[in-house]
Amino acid sequence: MNALNIQKGMSSHSAYDLKDPNGQIEESHTLAIMVENEPGVLARVIGLFSGRGYNIDSLTVAEVDHQGHRSRITVVTRGTPAVIEQIKAQLGRIVVVHEVHDLTVEGPVVERELGLFKVKGQGEKRVEALRIAEIFRANVVDSTLESFVFELVGPVSKLDAFAELMRPLGLIDLARTGLAALSRGV
Amino acid sequence: MSRMMTGARMVVEALRDQGVDTVFGYPGGAVLPIYDEIFQQNDITHILVRHEQGAVHMAEGYARATGKPGVVLVTSGPGATNAVTGLTDALLDSIPLIVLSGQVPTFMIGTDGFQEADTVGITRPCTKHNWLVKDTGKLAETIHKAFHVATSGRPGPVLVDIPKDVQFASDLYVGPKQVDNGPYQPVKKGNLDAITRLVEMIEQAERPILYTGGGVINSGPGASQLLRELAEATGFPVTSTLMGLGAYPASGKNWLGMLGMHGLYEANLAMHGCDLMINIGARFDDRITGRIADFSPNSVKAHIDIDPSSINKVVQVELPIVGDVGHVLEDLLKVWKSRGRKLNSAGLKNWWGQIDEWRAKKCLAYRGSDTIIKPQHALQRLEALTKGRDRYITTEVGQHQMWAAQYLGFEEPNRWMTSGGLGTMGYGLPASVGVQAAHPEALVINVAGDASWLMNMQEMGTAVQFRLPVKQFILNNERLGMVRQWQQLLHGERYSQSWSDSLPDFVKLAEAFGCKGAQVSDPKDLDDAIQQMMDYDGPFILDVLVEKHENCFPMIPSGKPHNEMLLGEAETLGVIESEGAVLV
């Protein structure tokens, strides 16, 4: 059979498939899942992840086409290349899933998350918090004499960094939306 | 033409429009309006079961014996939860089913009402898809869609949950042709480039094997015909999973027998030693592969499957072809013929020489007896005495199931109904009832073990009520045979809870159900007993007392590769290592 020059793991789908499917290194992938917005659809998707033992690092969902009743679910997941392929194939099997896009391999991507950060403090710490918020271009969306709520939009790492800096300055609560992602260009 | 009618009538109307002739079900509060409609019509036969699990297995038997979807009707709460095992069984074996369940009225959902259960929530992971219909106007459309989903692509069970007020309310009925089935349209045709590459491999392969599975059966009789044509034309050896028996005839010259854990020596060794493995509608189940790392180490593997998620799930393949088996085989044969029907004849000749050596091992040989009935012998006699009859076999789960797969020959598809993926004890009796409902004149035999058979024995009542002359062929060893075998091989012969004490008298049980039974224990009386069972005009229980400690061989011990299979008792001591013992 060697005359045919068939190599293990070779197939014709995409450049991604040229990777070693037996690779054991876990990768993080952002998947965009277009679904019919019907009752239970989110349960189907997350039930698949829990039922088959896959990871969810981040999950966002909202209806993006009100007339067509389409929702977009953005999932950040981790796994070996074989597991990631299997996750996509299993998602594709769900009857109400229309499309599954692996944004991580489909090209450059814009990834954004929104976070709300409540910081309690007075005096110097309060001024410092405000100064850092300015550097990060965070907005103040609520203010009392002893607290701020900052709103910050950006990549996950930016929100992580902001939270890290705010912690010693009196961060007492935070809420994050999870990742929304879109491919760049057309 | 649309018409106004109640939701309950829509159900019956939709079933009729879908060509349904038989429904298996059990009434209850939340489906009373539908049962009222069933009472007022004659097109659809309703088979009243004794337990909802039985209804689902009957529908599975019906579906597998006909190629049509099976239909089940159950009530809310316990009716629906009792259906769960059958749904899971059908999901793992890719059997098309439509289960209709009643539900408490919409305004009571979420109040923990009487016989309320979150049926769509409970059945979400064990159906291909399910729906809760809250609006009568959507009911007919949903039922038609349910048939589409259950039967297209990789088939599977679906469930439609219908609240009682939706059954009472009226709206416009829509027929199947008016329904847009939406974006769920699985591909049927395989990629021609990939098929051409497979043909190139076929032309050069020295040691090929066709590894076929339930996908061939599910693709329809045409696919089995094409498989036979491919095997005959190329001379390639054929093996099959438990699910695919009958797609290629057992009497065919290329037949190697079943493969896998209790598969034939020649089939497993050919899988291990091949250079081209063509998987046709099988899914590299762990019963087949043994230890993955050593699974057929030197072969190029092609995989034809309608479900993209089956590809590279367990075993990485070089050539995936996503498509319906029938369509892909048709194209494959066309391309191969158009390129001049080339083969590596010299290689194939050597390969068959090697296979014949393996065959000479006679791996199904066993030690016979004049005094006690060996289970293998019982099946060989059953095979001999039913030869030439259009015979349908169902089984329960365990040793008897594997022996049936080894010692009975299947010449046609849709003649073999067994719980493969889920391994559901209690499957065979109701499945045999479902098969008989589909083929009232055929010879339908459930090859059973005593323990499995008891799990759904209440369905003998159904067989008697509907005059379905199913034959229950019980290989009675008063043990949970397969459990006992594993305890012997794996757990130091500590036979924990694997002995069936206080078994019923099966002959009296038959009489109690209003049918007939007999017991046989002497090998000399076996043929007469089998003949009596077949000649009896009605359901029959034959209690065959067999050797109690017989083990099922050949066997690939868990955690071992194909080429380390065991052929008999002498080889069994201490063969399963601790890491293998973790596997089931």
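Analyst: Two strands pair if DSSP finds at least two bridges between them. This is a predicted model, in which local features need pLDDT of at least 70, side-chain atom pairs count only at pLDDT 80 or more, and totals for chains, interfaces and linings use all residues. Residues are numbered from 1 along each chain as its sequence is written, while chains are lettered from A and ligands numbered from 1 in the order in which they are written.

User: How many helices and strands does chain A have?
Analyst: Helices (H or I, at least four residues) and strands (E, at least two) are DSSP runs, numbered from the N terminus. Along the sequence, chain A reads β-α-β-β-α-β-α-β-α-β-β-α-β-β. The totals for chain A are five helices and nine strands.

User: What percentage of the residues of chain A count as buried?
Analyst: A residue is buried if 20 or more other C-beta atoms lie within 10 Å of its own, exposed if 12 or fewer, and partly exposed in between, with C-beta atoms placed from the backbone. Chain A has 186 residues. The buried share of chain A is 24%.

User: Which share of the contacts in chain A with a separation of 6 or more comes from residues 24 or more positions apart?
Analyst: Residues are in contact if their C-beta atoms, placed from the backbone, lie within 7 Å. Among contacts in chain A with a separation of 6 or more, the share from residues 24 or more positions apart is 74%.

User: How far apart are the C-alpha centres of domain 1 and domain 2 of chain A?
Analyst: The bounds come from an automatic or database domain assignment. In chain A, domain 1 spans 20–106 and domain 2 spans 109–183. Their C-alpha centres are separated by 28 Å.

User: Which element of chain A gives the largest share of the side of domain 1 that touches domain 2?
Analyst: Nine residues of domain 1 of chain A contact eight residues of domain 2 of chain A. On the domain 1 side, strand 1 (27–36), strand 2 (58–65), strand 3 (70–79) and helix 3 (103–106) of chain A each supply at least two residues. The largest share, three residues, is from strand 2 of chain A.

User: Is strand 18 of chain B mostly covered or mostly uncovered?
Analyst: Strand 18 of chain B runs over residues 471–476, and six of its six residues are buried. B:K471, B:F473 and B:L475 point one way, while B:Q472, B:I474 and B:N476 point the other way. Strand 18 of chain B is mostly covered.

User: In which sense do strand 18 and strand 20 of chain B pair?
Analyst: Strand 17 (residues 443–449) of chain B pairs with strand 18 of chain B over five bridges in the parallel sense, and B:I445 stands opposite B:K471. On strand 20 (residues 540–545) of chain B, B:D543 stands opposite B:I474. Strands 18 and 20 of chain B share six bridges, and their sense is parallel.

User: Which peptide bond of chain B is cis, with omega near -5 degrees?
Analyst: B:P554 sits in the loop between strand 20 and helix 24 (578–582) of chain B. The cis bond, with omega near -5 degrees, runs from B:F553 to B:P554.

User: What is the positive phi of B:S296?
Analyst: B:S296 is in the loop between helix 13 (286–289) and strand 13 (300–305) of chain B. B:S296 is buried, with 24 other C-beta atoms within 10 Å. B:S296 is not a glycine, yet its phi is positive, at about 35 degrees.

User: Where is B:N414 found?
Analyst: B:N414 has a positive phi of about 65 degrees although it is not a glycine. B:N414 counts as buried, with 22 C-beta neighbours inside 10 Å. B:N414 is in the loop between helix 17 (399–407) and strand 16 (416–417) of chain B.

Key: Contact = placed C-beta atoms within 7 Å.
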